[in-house]
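I open this page to note what I looked up in the model, entry by entry, with the cut-offs beside each term.

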Amino acid sequence: MTDNLPKKPDPNSRPEPFGEIAKAMNEFFHERPVRGFLQSIDEFFKAPLAGFPVTLKSYDREHHIVAELPGIKKEQINISVLNHSLTISVANHEIVTEEDSLKKVYNKRHKVQEMSRTINLPQPINEKKVKASYHDGLLTIIIPKQPGKKIHIIND
């Protein structure tokens, strides 16, 4: 015959003092709307903060900058130069309209997405000699290095 009586507590085992509270907190954070809110925060911080990846390679006579811009049109890209820095800006302006079955617009939104990256170089950039090309989502910029002036040291 089996014993259906509750078992005596083991004197060596100690109950976890905050076990019930921890269990309640765990359940709270796994239910909506808190779970949805926490997931949106996670997605925000997982998104790249810089906007788009850029690589810089320096060679003897020039710098090569490659920016990955998939899905971006050439007209949306702006490149500007100021002294030692080059800035790549991307602006995506889109109008989103929602229509009902009778083709009547019931919602219209203007979506704006702007990203930019600034690359600093050790010497001034001559904007007249910078060359840029855009093909298959890759923006390639070639910047010739400026030769510095050589200073001759004289003996006293």
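I began at the hairpin of β4 and β5, where five residues lie between the strands and K103 takes a positive phi near 65 degrees. I am reading a predicted model, in which local features need pLDDT of at least 70 and side-chain atom pairs count only at pLDDT 80 or more, while totals for chains, interfaces and linings use all residues. Residues are numbered from 1 along each chain as its sequence is written, and side-chain values use heavy atoms, with hydrogens and water left out. Strands here are DSSP runs (E, at least two residues), numbered from the N terminus, and I count two strands as paired if DSSP finds at least two bridges between them.

I looked up its strand order and found an open sheet of three strands, β3-β4-β5, with antiparallel pairing. The edge strands are β3 and β5, each of which pairs on one side only. The twist averages 15 degrees from one strand to the next, the axes being lines fitted to C-alpha atoms and the angles running from 0 to 180 degrees between N-to-C directions. Between β4 and β5 I noted 15 bridges, and S85 has N120 in β5 as its bridge partner. β3 and β4 are joined antiparallel over six bridges, and for V81 I wrote down L86 in β4 as the bridge partner.

Entry on charge pairs. How many salt bridges does the count come to? It comes to one salt bridge, by the rule that a side-chain nitrogen of Lys or Arg lies within 4 Å of a carboxyl oxygen of Asp or Glu. The pair is R109 with E98, whose side chains meet at 3.3 Å, N to O. R109 lies in β5 (residues 105–120) and E98 in β4 (residues 85–99), so the pair ties together parts that are 11 residues apart in sequence. I also checked accessibility, taking buried as under 20% relative accessible area, exposed as over 50% and partly exposed as in between (1.4 Å probe, protein chains only). R109 is partly exposed at 44%, and E98 is partly exposed at 26%.

Entry on the other sheet. I found four strands in an open sheet, in the order β1-β2-β7-β6, with antiparallel pairing. β1 (54–58) and β6 (131–135) stand at the edges with a single partner strand each, so one side of each is left without a neighbour in the sheet. For β6 and β7 (residues 138–144) I noted five bridges in an antiparallel run; S133 stands opposite T140 in β7, and A132 stands opposite I141. The hairpin of these two strands has two residues between them, and D136 takes a positive phi near 55 degrees there. Seven bridges join β2 to β7, with T140 in β7 as the bridge partner of V66.

Entry on the faces of β7. Which residues of β7 lie on its covered face, and which on its uncovered one? L139, I141 and I143 make up the covered face, whereas L138, T140, I142 and P144 make up the uncovered one. As a reminder to myself, side chains in a regular strand alternate between the two faces of the sheet.

Entry on the core. The largest nonpolar core has 17 residues, of which F52, I65, L69, L86 and I88 touch the most other members; such a core is a set of buried Ala, Val, Leu, Ile, Met, Phe, Trp, Tyr and Cys residues joined through side-chain atoms within 4.5 Å. β2, β4, β5 and β7 each supply at least two residues of this core. I then listed the contacts of F52 (heavy atoms within 4.5 Å), leaving aside neighbours within four places in sequence, and they are A67, E68, L69, I88, V90, M115, S116 and R117.

Entry on two loop residues. Leaving aside neighbours within four places in sequence, Q123 is in contact with H63, H84, K145 and Q146. K74, in the loop between β2 (62–68) and β3 (77–82), counts as exposed at 57% relative accessibility. Finally, I noted 9.4 Å between the C-alpha atoms of K74 and V90, which are 16 residues apart along the chain.
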